[in-house]
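Reader: I would like to go through some labels used for this model and the grounds for each.

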Amino acid sequence: MASFIDSYYHLLRRVLTVLMGFLIFPVSLQIISRYTGIIPRYIWTEEVARFCFVWIIMIGAMIAVRDNSHFDVDLLPQPKTKRSQGKRNLIVHIAIAVLALFFSVYGVKFAQLGYIQNSEMSGINMISIYISFPLAGFTWLLFVAEKIAEDIRMMRNPGKGSPL
Amino acid sequence: MSAGEVSLILFGAFATLIALRVPVSFALGLACIPVFILDPRMTPIVLLQEMWKSYNAFILLAVPFFLLAANLMNASGITERLVGLARASVGHLPGGLGHINVMVSMLFAGISGSSTADAAGIGSLMIPAMKKQGYDTSFSVAITACSSVMGVIIPPSILMIVWGGLMSVSIGGLFLAGLVPGFLMAVFMMTTVFIYAKSRNYPIYQRASFKEFIQASGRAAFALVTPAIIVGGIIMGFFTPTEASVVAVIYSAILGGLIYRKIDFKGFRKVLYESASLASVSLFCIGTASAFGWLLAYYRVPQELVNLLAGFGTGPIATGFIIALAFLGIGMFIDAIPAIIILGTILLPLATKAGIHPIHFAIIGVISLAFGLVTPPYGLCLLISCSLGKIKMVHAIKDVGIILIPMFILLVLVILFPDMILFLPRWLAPNFL
């Protein structure tokens, strides 16, 4: 299971890099067509760029849950023992799981709404973008389940596991 | 549900979750859920729709691009060239490296729109250099962190792009309005460095000859053209802000890859990934913050606040101070972008009612939020600088506090004298107002 999560995580990282590189093209095309006339003025460039951008945000947000890189605020004092550290992490991860569940359940309905719409300029079926929301929900659930297992291990076996 | 009840649920849940250390973006989304469930007129899918709407904005594409451009500039060694230029210009003043630090931040701010890229890029060069020359570590860390906030005040600025996109204010106008306070901030900080250097006997460099100055300028010339391309391009109407950000990316990629030859394909891929992941974490927060802000607006919380404060009959100056205090307060705890979305929507009617110009309102907000970048518990630039200087945040607090005093004076001046920031857009681009 761990190796599956690992390879999925690396796949997401690769897709994120490719999408970020790709994002440069439609916007560049827009400038080149306006100032040179070498290529026609495509009207789909803006829309494709926006859709690609939404995917970048959602995939970045998925990866950040596994990396623990979503911004949080340190207000309470650092826990002294591993057991209390585990407890505190568990609360955070359960909270993330609740929103992940929300995204999974309502995201599917949201994606279904997208299925009956096509985009205005490029005619792309909107499900291809809306689906990033439930996918984020499922992915978070997967990543956070791994973390919750780690938290429980930490609370049960305070001596073992990764150091603080 | 009444405006009061909704605010209580939203802010109460949000504050509790933040205190439990739930990430800010998730806390904002989770705080909305009870309202969607409790109110029978609501359907939970609106949360996702509001998020989608906020992401589906072409203007926001400028955020990852400006981050990417800044990271490319860092990777291509442009920061070192700017340090060379700053050394030749201000290195001979008492506290030479401190002045160099401030001036490089100012120059870098004209290239990048992000203070964190500024703190990371400049700090990794300047903090070790300052320590080696006998500057106190806490001072080196504090001046790096504080000067990096110019990144969001001097154009281009990611915060101004988000602000302009969200509240339909001209981004070109905001950029022009940020120039004067940004420059003044550099002058104020250099004065502080001067006083520090005199009282602590910090070292100086020998004055550079005119020839050395010209050489250093030549080495930095390609980098110095960037602000002219970006800001000039937007103001003259050649590009939209998003297009200007892509031009900045392409320009810095050519500089780093082909001219200075510091970035290879592998390096480029790494910078792409790092910029995308950092940008998406900030941008994801825009979505949940927008849903949160949408609920506040739906239950007419901003109007209630206006009615509440109208009883006190606050004029533009008092309102300006209220706005600044609100942004200073929230900026201590959360990232600047969600702060703009939540507080901006709440305070906009108040600012309009008091007759504050939208650009003035924005600049007060952005400068106040800039403080939040260096104040604990959530000061990203201070965190980055402290980790580069290998000290704990508490050890830098005192020096940060001292350096912030002139910045605070600047904020008061901006509130009291709106013409100080508005004259430049009025003069150069009246159509932006």
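Predicted model: local features only at pLDDT ≥ 70, side-chain atom pairs only at ≥ 80, totals over all residues.

Author: Residues are numbered from 1 along each chain as its sequence is written, chains are lettered from A and ligands numbered from 1 in the order in which they are written, and side-chain values use heavy atoms, with hydrogens and water left out.

Reader: How do you know what confidence chain B has?

Author: pLDDT is the predictor's confidence in each residue, from 0 to 100. Chain B averages 90, and 100% of its residues score at least 70. For the complex, the predictor gives an ipTM of 0.93 and a pTM of 0.89.

Reader: What makes the pair of A:Phe103 and A:Trp140 edge-to-face?

Author: Rings of Phe, Tyr and Trp (its six-membered ring) pair if their centres lie within 6.5 Å; planes under 30 degrees apart count as stacked, over 60 as edge-to-face and the rest as tilted. The centres of A:Phe103 and A:Trp140 are 5.0 Å apart and the planes stand at 65°, so the pair is edge-to-face. A:Phe103 lies in helix α3 and A:Trp140 in helix α5 of chain A, so the pair ties together parts 37 residues apart in sequence. Helices here are DSSP runs (H or I, at least four residues), numbered from the N terminus.

Reader: Why is B:Phe371 called buried, and why is B:Phe408 called partly exposed?

Author: Buried means under 20% relative accessible area, exposed over 50%, and partly exposed in between (1.4 Å probe, protein chains only). B:Phe371 has 6% and therefore counts as buried. B:Phe408 has 44% and therefore counts as partly exposed. B:Phe371 and B:Phe408 also form an edge-to-face aromatic pair, with 6.1 Å centre to centre and 85° between the planes.

Reader: What makes B:Arg81 a charge over the ring of B:Tyr260?

Author: The rule asks for NZ of Lys or CZ of Arg within 6 Å of the ring centre and within 35 degrees of the ring normal. The charged end of B:Arg81 sits over the ring of B:Tyr260, 3.6 Å from its centre. A:Arg66 lies over the face of A:Phe143, at 5.7 Å from the ring centre.

Reader: Why is B:Ile250 called partly exposed?

Author: B:Ile250 has a relative accessible area of 34%, so the label is partly exposed. B:Ile250 is found in helix α13 of chain B.

Key
Helix = DSSP H or I, 4+ residues; strand = E, 2+ residues; numbered from the N terminus.
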